[in-house]
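Biologist: I am new to this protein. Please walk me through its fold.

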Amino acid sequence: MSKLLIVAFGDSLTVGFQSPTRENPWYRETPYADFLMEKMGGKADFVIKGISGELTEDMLRRYDKDVLSLNPDYVIILGGTNDLGWSVELRAIMSNLYYMYKTALDAGIIPVAVSVPSLRGYDPLIAPRVELNNMIKETAKGLNIPFADYFTASCETPVQRLAIEYSNDGLHLSTKGYELLADVIYKDVFSKIIFKEV
């Protein structure tokens with residue numbers, strides 16, 4: 001059978017943006033989709049459609065062109081982090097994400113909902129992330145679509161901060177963080193279907 005086509009769709013977390021550090025002063029991109037492709041063992045091709053700084057409203061504007069027109073088998077949707085940074089209402093964020101999930105389903109594409117990661121050094125902003133992720137999880141359950149819980153996998157309990165090894169700046173992910181994101185998506189979603197469909 002032919003390979004699966006998977007679109008990774010989102011913001012800087014999909015781009016794989018890493019903030020420069022003293023140890024690594026140059027700009028780096030380590031997209032989780034590259035690690036996920038390795039895990040898939042050649043059974044899927046990936047198209048990365050991430051733009052740093054985007055809100056979910058921005059993602060909607062290019063959704064037809066960057067996702068629907070490609071007619072992939074799956075689209076991994078990771079958005080909402082920047083919305084939270086700009087204090088966009090949770091209902092508005094969820095409405096945008098829901099539209100993307102539902103439009104994909106209507107087009108015969110399986111959407112994968114991914115929870116947004118926590119933060120480090122911005123504790124008052126963690127609670128809205130927890131609330132948004134609960135909404136994402138419940139929406140995925142209601143639509144019967146796959147859900148990958150990156151927040152839980154990458155945060156320290158019980159404080160729910162993003163674990164230090166997964167971020168260089170408390171907001172974006174480190175290489176380990178992007179590798180873990182690929183691990184979570186593979187474990188929660190593709191490990192359960194890849195051998196059935198390919």
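What follows is a short exchange about a sheet, a helix and a core.

Biologist: Before we start, what kind of model is this?
Modeller: Local features are described where pLDDT is at least 70. The model itself is predicted.

Biologist: How many bridges join β1 and β4?
Modeller: Strand β1 covers residues 4-10. Ile6 has Phe46 of β4 as its bridge partner. Ala8 stands opposite Ile48 in β4. The two strands run in the parallel sense, and the bridges number seven.

Biologist: Which residue of β5 stands opposite Phe9?
Modeller: Strand β5 spans residues 74-78. It pairs with β1 in the parallel sense, over five bridges. Opposite Phe9 stands Ile77.

Biologist: Now the helix. How far does α7 reach from its first C-alpha to its last?
Modeller: Helix α7 runs over residues 126-143, which makes 18 residues. At 1.5 Å a residue, its reach is close to the expected value. That reach is 26 Å.

Biologist: Around the axis of α7, what arc do the buried residues cover?
Modeller: The buried residues include Ile126, Leu132, Ile136 and Leu143. They sit on the same side of α7, because the arc they cover is only 145°.

Biologist: Which residues are exposed on the other side of α7?
Modeller: The buried side is covered by several elements, among them α6 (90-106), β6 (110-114) and α8 (150-154). The other side has three exposed residues: Ala127, Lys141 and Gly142.

Biologist: Which residue just after α7 takes a positive phi?
Modeller: The helix ends at residue 143. Just after α7, the phi is about 60°. The residue is Asn144.

Biologist: In the largest nonpolar core, which residues touch the most other members?
Modeller: This core has 57 residues. Leu36, for one, touches Phe46, Ile76, Ala182, Ile185, Tyr186 and Phe190, leaving out residues up to four places away in sequence. Those that touch the most other members are Leu36, Ile76 and Phe190.

Definitions and conventions:
Residues numbered from 1 in each chain as written. Predicted model: local features only at pLDDT ≥ 70, side-chain atom pairs only at ≥ 80, totals over all residues. Heavy atoms only, no water. Helix = DSSP H or I, 4+ residues; strand = E, 2+ residues; numbered from the N terminus. Expected span 1.5 Å × (residues − 1). Buried < 20%, exposed > 50% of the residue type's maximum accessible area, 1.4 Å probe, protein only. Arc of directions from axis to C-beta. Contact = heavy atoms within 4.5 Å. Pairing = 2+ DSSP bridges. Core = buried A, V, L, I, M, F, W, Y, C linked by side-chain atoms within 4.5 Å.
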